[in-house]
Amino acid sequence: MSKGEEILLLWDIDGTILSAKGAGPQAFKRATQDYFGYEIPITSIDWLGATDYSIAYAFLENAGRAVSREEAKLLIDCYLSCLPAALDATNARAMDGIRELLEYFHSQKDAHQALLTGNVRRGAEIKLGYLGVLHFFPFGAFADHSDDRNDLSRHALELAREHLRADWSPDQIYVMGDTPKDIECGKIIGAHTVAVATGQHSVEELTAHFPTVVFESFADPQVLIEFLAG
Ligand SMILES: [Mg+2]
């Protein structure tokens, strides 16, 4: 930005923008009760950096049901109807410094923000709407588009070219996330990767995946602002 170059920040949601304190898993657990008629334990699922569809597939498999996108969508619809109550019950909150950062980049004419998340679009809208930060994100790549997070980052680059400028280059893009899957999907498109240890992974664990940079947290928003200013 200091170089007068436009940048795009592609934000992950869970563990990065917000601490949902298990609201997602709680809502899925409730959804399995509604959908299958009995609760499937959420401990049998690898949640970190997973897309909503891959989570739904794992539940269907555990229940011995046909694993199809149609079935998964029905389970996800149940999950979405359980999500608002789960957010209330768990007191989901924005990570420290995140509101300041979203406001700051929103106010900068050379900076753009969008979403790159394993949430389905409606789930992202419910979570970010709950925190009052949805308006910072004019577009995003969501799990509705693909089950594979790496496809989502390619899709996000296409969307950037569609929504912003046709010649948008990957080296103007920063993929922001709390898991090795975020780092991997950012690297796939040649973007910079900014890892933050506010989810379940430590600085050391994230460093082992060689992101461009790792932060302990954004509690001091200046650390990210100064990094991006070069
Ligand atoms: Mg995350």
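This report covers the domains, the magnesium site and the nonpolar cores of a predicted model.

## Two domains

The domain assignment gives domain 1 (7-19 + 93-228) and domain 2 (23-90). Their C-alpha centres lie 24 Å apart. Domain 1 puts 19 residues into the contact, and domain 2 puts in 16 residues.

Together the two domains bury about 1,500 Å² between them. Carbon and sulfur atoms account for 62% of that area. Two salt bridges are counted between domain 1 and domain 2. Elsewhere in the list of charged pairs, the side chains of Asp46 and Lys181 form a salt bridge (4.0 Å, N to O).

## The magnesium site

Three residues supply the protein donors of the magnesium ion: Asp12 (OD), Asp14 (O) and Asp178 (OD). These donors lie 2.1 to 2.2 Å from the ion. Their spacing in sequence is D-x1-D-x163-D.

Asp12 sits in the loop between strand 1 (7-11) and strand 2 (18-19), and Asp178 in the loop between strand 6 (173-177) and helix 7 (180-188), so the pair ties together parts 166 residues apart in sequence. Both Asp12 and Asp178 are buried.

## The nonpolar cores

The largest nonpolar core has 63 residues. Trp11, Phe59, Phe218 and Leu224 have the most contacts inside it. Helix 3 (residues 69-90) gives the most to this core, with 10 residues. Domain 1 and domain 2 each contribute at least three residues.

Beyond its neighbours within four places in sequence, Phe218 is in contact with residues including Trp11, Ile98, Leu101, Met176, Val194 and Leu224. Another core, of 17 residues, lies apart from the largest one. Leu8, Leu10, Phe139 and Ala141 are among its members.

Key. Residues numbered from 1 in each chain as written. Predicted model: local features only at pLDDT ≥ 70, side-chain atom pairs only at ≥ 80, totals over all residues. Heavy atoms only, no water. Core = buried A, V, L, I, M, F, W, Y, C linked by side-chain atoms within 4.5 Å. Buried < 20%, exposed > 50% of the residue type's maximum accessible area, 1.4 Å probe, protein only. Helix = DSSP H or I, 4+ residues; strand = E, 2+ residues; numbered from the N terminus. Domains from an automatic or database assignment. Contact = heavy atoms within 4.5 Å. Donors = N, O, S within 2.8 Å, 3.2 Å for Na, K, Ca; no water. Buried area = accessible area lost by both parts, 1.4 Å probe.
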